Amino acid sequence: MRLRGGAAVAVLIMLSVAGCKDTTGASGPEATTGGDSGGNSGGGTGGGAALTAAESLTVKGRAPKTGYSRERFGTAWADTDSNSCDTRDDILKRDLKQVKFTGGSCKVSYGVLESDPYSGKEVTYRRGASLVDIDHLVALSDAWQKGAKYWDASKRIALANDPLNLLTVGASANRSKGDGDTATWVPPDKTYRCTYVAAQVAVKKKYGLWVTAAEKAAMKKVLSTCPGQKLPSGGNPTSAPSRFHAK
């Protein structure tokens, strides 16, 4: 059973992204550890922190998508936390239950998403099938148009692999999202919307991404229905190790 909203943080703070070796500071999008690993203020864990953080986000117009490609954010699922397992498997292991592996303890071959955050349905993951996605809560193309275009590659790679910005979800609901922001898409499962929006706010605040006026209004509208919603924090540093490169 999934615990939603503020209650979820008490559970997920106990979870870390686990790979072949233990990881530290690799919190999921619902965790609320005091600050983030990137050295930016995550807004703390006090009541209403998510709404307060949303109000603080810089508002600008959406920049052109010109020049965007997935490769600008590095190789997909790079092992930026150096635990010898790729990021996708780290997140699957964090979020799924009844996990089974193939060829060691990194590659997840099977698991159960007991309650998809976006649809509320149970989804079974089998490697090679497409019923489960790892969603970038803040889509990479959205980030590109709201600040990431001007970053160095190290910061873009960090965003693409930050557990704070990643969540295992059912593929069907996720693919209706595309690269939408809060103004254009929120989860069909209404009970998860506060947690989802709070996570987007946390990522945008951590990385210094801006929001459009419509996006900020939508964030505040959702979070006003849960004024005690906490702000997630944690995840990886906002710069990837120097051995990683992007086009």
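Student: Over the face of which residue does Lys155 lie?

Tutor: This is a predicted model, in which local features need pLDDT of at least 70 and side-chain atom pairs count only at pLDDT 80 or more, whereas totals for chains, interfaces and linings use all residues. Residues are numbered from 1 along each chain as its sequence is written, and side-chain values use heavy atoms, with hydrogens and water left out. A charge sits over a ring if NZ of Lys or CZ of Arg is within 6 Å of the ring centre and within 35 degrees of the ring normal. At 4.5 Å from the ring centre, Lys155 lies over the face of Trp151.

Student: How far is the charged end of Lys100 from the centre of the ring of Tyr110?

Tutor: The charged end of Lys100 sits over the ring of Tyr110. The distance from that charged end to the ring centre is 5.2 Å.

Student: How many aromatic pairs does a search of the whole structure find?

Tutor: Rings of Phe, Tyr and Trp (its six-membered ring) pair if their centres lie within 6.5 Å, and planes under 30 degrees apart count as stacked, over 60 as edge-to-face and the rest as tilted. Under that rule, the number of aromatic pairs found in the whole structure is eight.

Student: Why is the pair of Trp185 and Tyr196 edge-to-face, and how many residues apart are the two?

Tutor: The ring centres of Trp185 and Tyr196 are 5.6 Å apart and the planes stand at 70 degrees, so the pair is edge-to-face. The pair links distant parts of the chain, with Trp185 in the loop between helix H6 (171–177) and helix H7 (193–207) and Tyr196 in helix H7, where helices (H or I, at least four residues) and strands (E, at least two) are DSSP runs numbered from the N terminus.

Student: Which residues do ring pairs link into a cluster?

Tutor: Trp185 and Tyr196 are both buried, a label given under 20% relative accessible area, with exposed meaning over 50% and partly exposed in between (1.4 Å probe, protein chains only). Ring pairs link these two into a cluster whose members are Tyr118, Trp185, Tyr192 and Tyr196.

Student: With which residue does the side chain of Arg175 meet in a salt bridge?

Tutor: A salt bridge is a side-chain nitrogen of Lys or Arg within 4 Å of a carboxyl oxygen of Asp or Glu, and the structure holds 13 of them. Arg175 is exposed at 53% relative accessible area, whereas the residue at 10%, Asp133, counts as buried. At 2.8 Å, N to O, the partner of Arg175 is Asp133. This pair links parts 42 residues apart, Arg175 being in helix H6 and, in strand S4 (residues 132–136), Asp133.

Student: Which parts of the chain hold Lys177 and Asp135?

Tutor: Lys177 counts as buried at 5% relative accessibility, and Asp135 is buried with a relative accessible area of 5%. Their closest N and O atoms, in a salt bridge, are 2.8 Å apart. The pair ties together parts 42 residues apart in sequence, because Lys177 lies in helix H6 and Asp135 in strand S4.

Student: Which residues do salt bridges that share partners join into one network?

Tutor: Lys204 forms a salt bridge with Glu215, with 2.6 Å between the closest N and O atoms. Lys204 lies in helix H7 and Glu215 in helix H8 (residues 213–223), so the pair ties together parts 11 residues apart in sequence. Both residues are buried. The network built from shared partners joins Arg62, Asp142, Lys146, Asp181, Lys204 and Glu215.

Student: At what relative accessibility does Lys146 count as buried?

Tutor: Lys146 is placed in the loop between helix H4 (140–144) and helix H5 (153–160). Its side chain is joined to that of Asp181 by a polar contact of 2.7 Å, and to that of Glu215 by another of 2.7 Å; such a contact is a pair of N or O atoms within 3.5 Å, where within protein one must be able to donate a hydrogen and the other to accept it, and residues adjacent in sequence count only if both atoms are side-chain atoms. Lys146 counts as buried at a relative accessibility of 0%.

Student: Which side chain of opposite charge is nearest to Asp79?

Tutor: Asp79 is placed in the loop between helix H2 (49–56) and H3. Lys and Arg count as positive and Asp and Glu as negative, while His and the chain ends are not counted. Asp79 is buried yet has no salt bridge, and at 5.1 Å the nearest side chain of opposite charge is Arg243.
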